[in-house]
Amino acid sequence: MDHPRVRVRFAPSPTGFLHIGGLRTALYNELLAKQQGGDFILRVEDTDRERFVEGGIENVCQSLRDCGVEPNEGVWLDGNGAIVERGDAGPYIQSKRKKLHSAYAQRLIKMNKAYYCFCTTERLQKLRQDMHAAGKPTMYDGKCRDLLANEAQKRVDEGEHHVIRLKLPKKGKIKIWDIIRDDIDFDWVFIDDQIIIKSDGYPTYHLAATCDDHDMKISHVIRGEEWLPSTPKHLFIYEAFGWTPPKFAHLPLLLNSDHSKLSKRQGDVAVTDYLAKGYLPEVLINFVALLGWNPTADQEIYTHDDLISLFDLAKVNKSGAVFNLEKLNWMNEHYLRKIPEERYFELTLPFIEGKTGDREFAERCLRLVRDRIQKPSEVEKLTAYFFEDQFDFSKVRLPWKTQTQKKAYARLQSICEPIKNADDALFRTSVSLETFIKKLIDQNGWSNGDTLWPLRVALSGREKSPTPFELLWVYGKKRSLKRLHDAIMSLSTSMTDDGNPFILPS
RNA sequence: GGCCCCUUCGUCUAUCGGUCAGGACAGCGGCUUUUCAAGCCGUUAAGAGGGGUUCGACUCCCCUAGGGGCUACCA
């Protein structure tokens, strides 16, 4: 009997930040829930007190919110950024369910599906070492497995340190079914009696997640592939209690370029890091959705809504996917060009804050570099020269190819005058400026190269830059003339190939 | 070591027995051009290997190899 309603959960442990792989897991869960009109729950798995990181829950929630992957049930942040829980199946913070978990463990003991184990960490460690040295699988030897129930209970009552282990079958096979991978067979002999309650009284993942999933009526468990080998243990618990297990879908791992599990060592893994660098949330979603799945043969760009309607768990790939930063960059660049200009300004303005008090000038600068960036932060460098007072022309060639300094000087002078006399309206678009300059070239019988090169270098202070027409437009008349005068001045003082005295233009 | 999973261009992927194996990123080349980008056009590049099954396998089965995951009182 299947679960009538689709209810899925993303269940991170708050041991740091939301991992980019976690974002994909959360997304796939959310896509299924939204598509099927079900529930997407956020449950925090914080049963490991030693690894708990302050602020971890907040970071996960905030990252999910930033990316628009919103749970409609479970742990969430309220307007003030405080952690709250909503929904009827709570509590959703696992540590608060400790009593529930120990009650389930007790029931398992009563059913003879679990047992108390008094073995010390030291004994266990030595056991593992010995088995490893003997070339055998490192498993628990079952020392406490057949302790008499009342004897074990007595030792517990006397306060002896203990854990609770699952009493797994020692023979036979178990078949699990996975939406992505179909049937998988496991042999019980190779599966260890898993600890389900630690000596601190807290449950391990295996018991907590399984029982919580049942209590919360989870219909599909969508999680990383690393959980595949422990799924038989989870199924054992479902069977012991007579519960209907959810459907499982184990997602392929995200990989570094050397095909190891995606890790911090080889770049950013936290969603926060990507957001901070200016990757758009919708890009992260679009990109990460396509790591392991693609709904069509020839489309790369999908909105969140597209993904919701097209999502199909059964078509998710089985093999791991390398996280390809270059493609992410391309996608961010692509989106950056499509978003409304206002949003583009919002994204980029902070990076040139304080450079000029002239908002319109700033916006023109940003518009000019828009198709030259992959990330908002890059505008800072690309627009830097617009805000420099003076260029150092000694490092660049103002004349074009074989053009003499004298001729470059004369050419710039000849351009200054018409620009000075031009109507302000001319500066409204770079197209009109282009027409104007080209006409000037035409009328005077000049050539493009020995006019446009010096003009462009004069305006940018560098040999590589956008077109002179765009530069004139960005600067406007006054700033343009200032740049031209600076260049002319520089040419006149550095001229050594010709003794003629030059008169500086007014 | 043991168990499990995986294997199409360098990378992300499409293909669900019959295709010139398609698209995207990156690369390369060209066009454009005052430079650099961008843009446009074109192009290199793949079914790990070996056996089967079949009229026909990238697709189904087996073996081998390679990669990955798990093997904690972490999740």
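User: At what angle do helix 1 and helix 9 pack?
Analyst: This is a predicted model. In it, helix 1 (residues 20-36) packs on helix 9 (residues 281-289) at about 80°, and their axes are 10 Å apart. Angles of 65 to 115 degrees count as roughly perpendicular, so helix 1 and helix 9 are roughly perpendicular to each other.
User: Which residues make the contact?
Analyst: Helix 1 gives Ile20, Leu23, Arg24, Leu27 and Tyr28. Helix 9 gives Leu284, Ile285, Val288 and Ala289.
User: How many of those are nonpolar, polar or charged?
Analyst: Eight are nonpolar, none is polar and one is charged.
User: What follows helix 6?
Analyst: Lys217 does, with a positive phi near 55°.
User: Now the whole chain. How many helices and strands does chain A have?
Analyst: There are 18 helices and 13 strands in chain A.
User: Is chain A a compact globule or more spread out?
Analyst: More spread out. The radius of gyration is 33 Å, well over the 23 Å that the globule rule gives for 506 residues. Along the principal axes, the C-alpha atoms fill a box of roughly 110 × 50 × 45 Å.
User: And what share of chain A is buried?
Analyst: Of its 506 residues, 49% count as buried.

Conventions
Residues numbered from 1 in each chain as written. Chains lettered and ligands numbered in written order. Predicted model: local features only at pLDDT ≥ 70, side-chain atom pairs only at ≥ 80, totals over all residues. Heavy atoms only, no water. Axes fitted to C-alpha atoms, helices over the stretch in contact; angles between N-to-C directions. Helix = DSSP H or I, 4+ residues; strand = E, 2+ residues; numbered from the N terminus. Parallel < 35°, antiparallel > 145°, perpendicular 65-115°, else oblique. Contact = heavy atoms within 4.5 Å. Nonpolar A, V, L, I, M, F, W, Y, C, P; charged D, E, K, R; others polar. Rg over C-alpha atoms; globule rule 2.2 N^0.38 Å. Buried < 20%, exposed > 50% of the residue type's maximum accessible area, 1.4 Å probe, protein only.
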